[in-house]
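Here is a short tour of one model, with the sequence and coordinates to hand. Please keep the viewer open as you read.

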Amino acid sequence: MGKLAGQTAWVTGAGSGIGEAAAIALAAEGAIVVISGRTKEKLDKVAATIKAAGGTVHVKPADLAKPAAVQKVADFIGSKLGRLDVLVNNAGVNIQQRTWKDLKPEGVQELVNGNLFSAFYCAMSALPIMRAQGGGLMIHTASMAGRFVSPLSGAGYTASKHAVVAMSHSLNMEECGNGIRSCAMCPGEVRTPILDKRPNKLSEKELAEMVQPEDCAALVLFLATMPPHVCINEVLITPTHNRSYLAAQQRRL
Ligand SMILES: NC(=O)c1ccc[n+]([C@@H]2O[C@H](COP(=O)([O-])OP(=O)(O)OC[C@H]3O[C@@H](n4cnc5c(N)ncnc54)[C@H](OP(=O)(O)O)[C@@H]3O)[C@@H](O)[C@H]2O)c1
């Protein structure tokens with residue numbers, strides 16, 4: 001029997017990258033997994049992989065920047081599945097225009113809607129279910145850009161991810177008495193489709209040296225299998241071959 005048998009997990013942004021790998025890993029450990037994202041075709045493919053491995057999955061497409069759409073998924077979870085043990089609050093976006101000179105109001109809106117408001121809506125819709133069952137775990141995919149400010153990720157992304165980290169800590173402060181645990185997971189560079197939005201193309205060698213989605217999934221699984229009395233408030237996961245450190249060394253030489 002899997003370590004998460006009898007548990008229910010909701011993974012957002014599960015059609016690709018970190019969310020896809022996390023959904024597959026949680027289902028492989030026996031969790032019933034609900035997967036959300038905007039593109040149904042991507043979610044269907046992930047669901048097929050989970051089912052082929054003997055897992056249980058529900059595909060619930062939604063634009064998570066819309067509170068009513070988020071609530072609809074949460075209502076399905078609450079009424080049909082009856083519990084929510086793990087929320088992997090992972091959906092996120094970046095845009096190509098990263099410098100202040102290129103930034104437009106629509107770009108800022110896309111970043112704040114897609115990274116911050118969506119994360120708030122998912123956490124808010126999960127809380128009543130978790131409170132009623134006496135506990136639950138939220139893992140929010142923030143970013144190294146949510147912990148440290150650097151020019152690489154852009155002002156809007158960095159600001160929205162800093163807010164996700166703050167949101168996660170505030171959840172622990174208010175909800176720990178209800179048995180609810182919140183973790184801000186802060187990855188450095190991970191080889192996923194979001195990197196297609198980088199202004200500069202990355203080489204195969206650079207991509208291979210990054211953290212892989214499966215590495216983040218292993219971390220999600222670790223967090224999800226810690227006993228309920230343990231809260232891991234924040235965790236950084238970065239490539240050993242850290243391009244920003246190496247670039248800084250080069251500048252010093
Ligand atoms: N890759 C990295 O280097 C890195 C580093 C640090 C943090 N992160 C964070 O990791 C998380 C996962 O990203 P990823 O790297 O795995 O990239 P990804 O493959 O692009 O995954 C992001 C997913 O989020 C979904 N999504 C975006 N906006 C959404 C919305 N409004 N509603 C529902 N779903 C939405 C996308 O699917 P649809 O477009 O179909 O909706 C997509 O499947 C993001 O929060 C990202 O910021 C990534």
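## Around V33

Not counting residues up to four places away in sequence, V33 touches A9, V11, A23, L26, A27, I50, G55, T56 and V57; contact here means C-beta atoms, placed from the backbone, within 7 Å. This is a predicted model, in which local features need pLDDT of at least 70, side-chain atom pairs count only at pLDDT 80 or more, and totals for chains, interfaces and linings use all residues. Residues are numbered from 1 along each chain as its sequence is written.

## The nonpolar core

V33 also belongs to the largest nonpolar core, which has 70 residues, and is among those with the most contacts inside it, together with A22, A23, L26 and V220. Such a core is a set of buried Ala, Val, Leu, Ile, Met, Phe, Trp, Tyr and Cys residues joined through C-beta atoms within 7 Å; buried means 20 or more other C-beta atoms within 10 Å of the residue's own. Helix α4 (residues 105-133) gives the largest share of this core, 10 residues. Helices (H or I, at least four residues) and strands (E, at least two) are DSSP runs, numbered from the N terminus.

## A145 in its loop

Where does A145 lie? Its place is the loop between β5 (136-141) and α5 (155-175). A145 counts as buried because it has 24 C-beta neighbours inside 10 Å. Beyond four places in sequence, A145 touches S150, S153, Y157, T158 and K161. The C-alpha atoms of A145 and S203 are separated by 22 Å, with the two residues 58 apart along the chain.

Definitions and conventions:
A residue is buried if 20 or more other C-beta atoms lie within 10 Å of its own, exposed if 12 or fewer, and partly exposed in between; C-beta atoms are placed from the backbone. Two residues are in contact if their C-beta atoms, placed from the backbone, lie within 7 Å.
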